[in-house]
Amino acid sequence: MGTLVEPVLLLLLWQGVWALDIPLEVRQPPTIIKQSMKEHIVDPKDTMVIECEAKGNPHPIFSWRRNGKYYNVARDPQASMRRRSGTLDIYAWNNPEQYEAEYQCIASNEYGSAYSNKIILRLYRAPVWPREILEPVVISAGLPLVLSCDPPPGPPKPETYWMSSCKCLSRVTSQLHYINGDLYFSNVLFNDSATDYCCNARFPYKNVIQQKMPVVVKVLTSEYELAEAAPTWLSPTGSSSSILVLQGEELLLECIAAGVPTPHITWTKDGDALVVRSPMKVKNFNKMIQIPKATFDDAGEYSCSATNKIGYIEHTITVRVKAAPFWLEKPANLVLAPEENGHLVCRSDGVPRPTISWFIDGEPIETATPQPNRQVSGDTLTLRSVTAANNGVYQCNASNEYGYLLANAFVNVLRKFPLIHDINNVKLFFTVYFKSKYGQGNLEGNRFKIHSNGTLEIKRIRVEDQGTYLCIVSNVAGRDESQVRVEVKEPTLIVTRPQSMKVIRGTDVRFECSVKADVTTPVTTTWMKGKKPVTLSWRISLDESNLVISNVNRGDEGNYTCVIKSELDQKSASARLMVMDRPEPPTNLELSDPYERSVRLSWVPGDSNHNPITGKIQYDDDDWLPGKWRNLSLYPGNLNSVILHLTPFTYYEFRVIAINEIGMSRPSRPSKRFQSSAPDIIPKNLKGVGTWRNNMEISWEPLTYREWNGPHLKYLVWWKRKDSREDWRNATTKWLKYYIYDADTFTPYELKVQAVNDFGLGPESPVVIGYSGEDRPLTAPLNLRVSDIESTQVTVHWDPVTRNTIMGELKEYKVYYWRDSSQLRWLWVNRAMKSKAFPENDLEPSGVLTGLIPYSNYKMYIVVANNRYEGPASNNIHFSTPEGVPSAPGSFRIQQRHLDSIYVGWDMPPEPNGIITGYSLKYQTGTLAQYLKHSQIPWEILLFSVRRYDRYTRYRFSVAARTRIGIGEWHTEESPHYTTEIYAQDQVDISTQGWFIGIMCAVALIVLILLIVCFIKRSRGGKYPVREKKDISLEPVDDKDQEGSFDYREEERGLQRGQPSMEAMMKRSDSDDSLVDYGEGGEIQFNEDGSFIGQYTGTRRDVRELDFGGGLELHSPMNTIYSLA
């Protein structure tokens, strides 16, 4: 085991300043143990009790003072004191008001007198609301309203709330709120009309609720919408106010504004956005800030702003936090031996700092009997070489303007037989010495020292010092002794010490403090900031022995000390935290050297908060619209005076903002102002446009605030009819638009505008021409016709309309057209209408319509349009587009039905754009750069097959449809990965699978049985009618012909009656994979390159003329199975 090398004090004896609970068998002065509150409210109908209990030996005698004078309880028939107690019972059968007074209890015995607090007795009175007749409140919708409550005062102060229609009105609405008992409406609405607005007051002492007479509110409405209004303050009023709150009391800050729309409330503190931390709460739509227990950190300037789309106002509330006196160190009772020294400490604090007064048995110490061994120094009373004459009860009074504290502490000088209560708590008025451990004699050596108060100090303690020590106390009356066991532990060490840091506000900080200590000794970790313990919260926490501070702020800056305590020793390590933050605002702005276009601005820089700063100067040049600040210039951080270049004749007000890498400081206080004059800027972009057929809107761009040059800017608008001899007419407006009514349709006017403020008129703008409103055109364009008709475009011609029928400015001619039908009767078309505008070009206007669909029938008409309306439609005309090339074939399919063949299928193009005459198909393998074959296929064939060279070759196919005009768009696709080894293996292995062999055997057996049944039936002589027809070959494609040329043969037989053509069969069953469907039983074979071998019977007919009335013979997939079998 290691040793604790630092000195160890064995605190074995009680020191004089320590408090003791003296047994009552020991004679002692009185001590107050129970008393009533300083503010004591009682009900005069009941017995009024004022408590006062005390202890002492001998038992105390009680007396009372009332209003500072002796109160003879025995002579008062309505009052009495309880036996062996100072508790006062007042019955007050008559005139209870006479007992409203200040009371103080005194407990005395032969050793001194103890005094209670001064108790103010107040009578509870039943609340009575005055009977009054309240006139109905009639108010227009949109206006603010305040209904006052004025409840009875108490005591205690009542709680108020409002009700209407037997329902409690909620505070949490954006337009309704109540504080201090009054009901506030930011703006009343029609729904706020009621006949029973009642204020209710609850008195907590008796839990009594009283109701005021109801108020009738009638809201008047109009047919117009609510008039919008800028925010105004209902509570508090004005631009600033102040609140004084005592530490620990509830702080409520409320801002209620009127306006339409209901204003939105926002808060700042000391120029920064308000940071809401627990226990602070923002309630009631930001109207109220609630702090349950105010602290000195809550002091500052709170600004609430009310904003709606009409305006903005601000109110500053200065919060000052004061404090009634509170204890830092309360005086404790002293039990001393004769000739011993002692002192009483009465340390308190408050704002303002309390005044300390000392009393002896209720008498001011200044007028008490002087004692040479007694000395008062501020908050400490010192007694030297005490005697029995120093016995007594000493009172300490700490008071300021917000309250007082009163404490009693007695001094008891005793000569008594020694008694050890505790080895660590021994009375210090006896001779004390120690025996060594195990009673081996007195302690000797330089390492052992016994102090005058009996404390044993062992320096440089060792392992061999561990053991039992005997403490002996004695005086002339006797002796006492006690033992103590000393164990030597490993010293406590701080392994990792906290490091000083310099961080940015808002970051997280971690102070490391790793500890090594004896495993049998528990240690506690305490962090101190300066001399005060760190208060843990959601933001400041401990991670084992490490301190973690999240989101640091300026208040976190300081020296942090990690204090490691065990029962034997204490170690500490410190580090400094520096928080870099936005700089402090500059102060003392001064203007000098003023000229027409410049001024010198000087200031005193604020604290940089550990980060270099630069500066920014802002100006406000509109004292009639205060608070609209704009940036003027930047300056280096080492300057505190700059020359500013300004616009002449302008109101200026400056403020300075310091900037560092963290952010901007709060703005400085504004400087003084300059005077300005009339505007010197012309409003730009003046124009006149009609918005209706008989009016004209005159508009312009506004002047910037810097260009106003004075308050109350307005605009003077001038107009007159062009080319007329009439005088100029004018009007003044503060808006950016002005309307002229009763004007002729589309009439030119001469316009000009100039700015005006309180100092005069600005320069006039140049004259511009504007036009009044347009009306609907009267006539339609005539002689609509087309020429140069192509498959996708056509040229349109028409005759122009006359200018006087347009009723405005000619904007365009607009052609409306739609596809009425296709020349292919069976094709469905989309008849959606489209339009295209053509600006006026010449006396013979024309235009080209593009994007038409070939081989279609179209209709169109034309209208003329001005800037506002379109005129009547012209007559409809019809035209047809010629054939074009078709679109790409649809539904392109690539399939592999056999291992050595690929089948390609497609549908007709969605837009044939004419009569399809055939298809062109080309393909190539994946290894060749050019196409192998280019085949021409008849229009009715929609399927193609290719004999593959091997199983691993991929093909790329391209197919396009043809009309008489040419080949259309190609559709290209590549065959899927049918050719991999795995796929081929899967295809080959299927014939070896057990389930497949079983199915084939079952099918063969069923066919054999059927054949036997037929044979037996035939052999018996029965007739079995069989329709003769040519068998359809299901054999694979013949691979003898490797060239792939087309070979058309006449089929051996004609198409069966009612059997559709191959094209129709494909349309009716796209999913049929059999190639034999392209004839009634005719065999169609494909060579390797995909060419057809077959015959077509009958006359070739257009697919649109086919008769679909007959049935289709659809081949079953089982045919393939039969062929394989």
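A: Let's sort residues into classes: Ala, Val, Leu, Ile, Met, Phe, Trp, Tyr, Cys and Pro count as nonpolar, Asp, Glu, Lys and Arg as charged, and the others, including Gly, as polar. By that scheme, the lining of the largest pocket has 20 nonpolar, nine polar and 18 charged residues.

Please keep in mind that this is a predicted model, in which local features need pLDDT of at least 70 and side-chain atom pairs pLDDT 80 or more, while totals for chains, interfaces and linings use all residues. Residues are numbered from 1 along each chain as its sequence is written, and side-chain values use heavy atoms, without hydrogens and water.

The largest pocket holds about 1800 Å³ of space. Its lining counts 47 residues, and those closest to the centre are Arg-277, Asp-297, Arg-539, Asn-553 and Gly-555. (A pocket is an open set of points on a 1 Å grid where a 1.4 Å probe fits, with protein on both sides within 12 Å along at least five of seven lines; a lining residue has an atom within 4 Å of a point. The volume is the space filled by probe spheres on those points.) Two strands, S27 (272–273) and S53 (532–533), each give the lining at least two residues. (Strands are DSSP runs of E, at least two residues long, numbered from the N terminus.)

Let's stay with S27 for a moment and look at the loops on either side. Asp-270 is found in the loop between strand S26 (264–269) and S27. Although Asp-270 is not a glycine, its phi is positive, near 55°. With a relative accessible area of 31%, Asp-270 is partly exposed. (Under 20% is buried, over 50% exposed, and in between partly exposed, using a 1.4 Å probe and protein chains only.) The loop between S27 and strand S28 (281–283) is the place of Pro-279.

Strand S54 (residues 540–543) and S55 pair in the antiparallel sense, and four bridges join them. (Two strands pair if DSSP finds at least two bridges between them.) Across this pairing, Leu-542 stands opposite Leu-547 in S55. The hairpin of S54 and S55 has two residues between the strands, and Glu-544 there takes a positive phi near 60°.

What about the side chains of S55? In a regular strand, side chains alternate between the two faces of the sheet. Strand S55 covers residues 546–549: Asn-546 and Val-548 point one way, Leu-547 and Ile-549 point the other way, and all are buried. S55 also pairs with S50, again in the antiparallel sense, over three bridges. There, Arg-510 stands opposite Val-548 in S55.

Asp-581 and Arg-505 meet in a salt bridge, with 3.2 Å from N to O. This pair links distant parts of the chain, 76 residues apart: Arg-505 is in the loop between strand S49 (501–504) and strand S50 (509–511), and Asp-581 in the loop between strand S57 (570–580) and strand S58 (587–592). (A salt bridge is a side-chain nitrogen of Lys or Arg within 4 Å of a carboxyl oxygen of Asp or Glu.) Asp-581 is buried at 5% relative accessibility, whereas Arg-505 is partly exposed at 32%.

How many salt bridges does the whole structure have? A search finds 27. One of them joins Lys-34 and Glu-51, whose closest N and O atoms are 3.4 Å apart. That pair spans 17 residues, from Lys-34 in strand S2 (residues 28–35) to Glu-51 in the loop between strand S4 (48–50) and strand S5 (52–57). Lys-34 is partly exposed at 42%, and Glu-51 is partly exposed at 29%. Another links Lys-752 with Glu-764, with 3.2 Å between the closest N and O atoms. Lys-752 sits in strand S69 (residues 748–757) and Glu-764 in the loop between strand S70 (760–761) and strand S71 (768–771), so this pair ties together parts 12 residues apart in sequence. Here Lys-752 is buried at 13%, and Glu-764 is partly exposed at 39%. Lastly, Glu-329, Arg-347 and Asp-379 are linked in a network of salt bridges.
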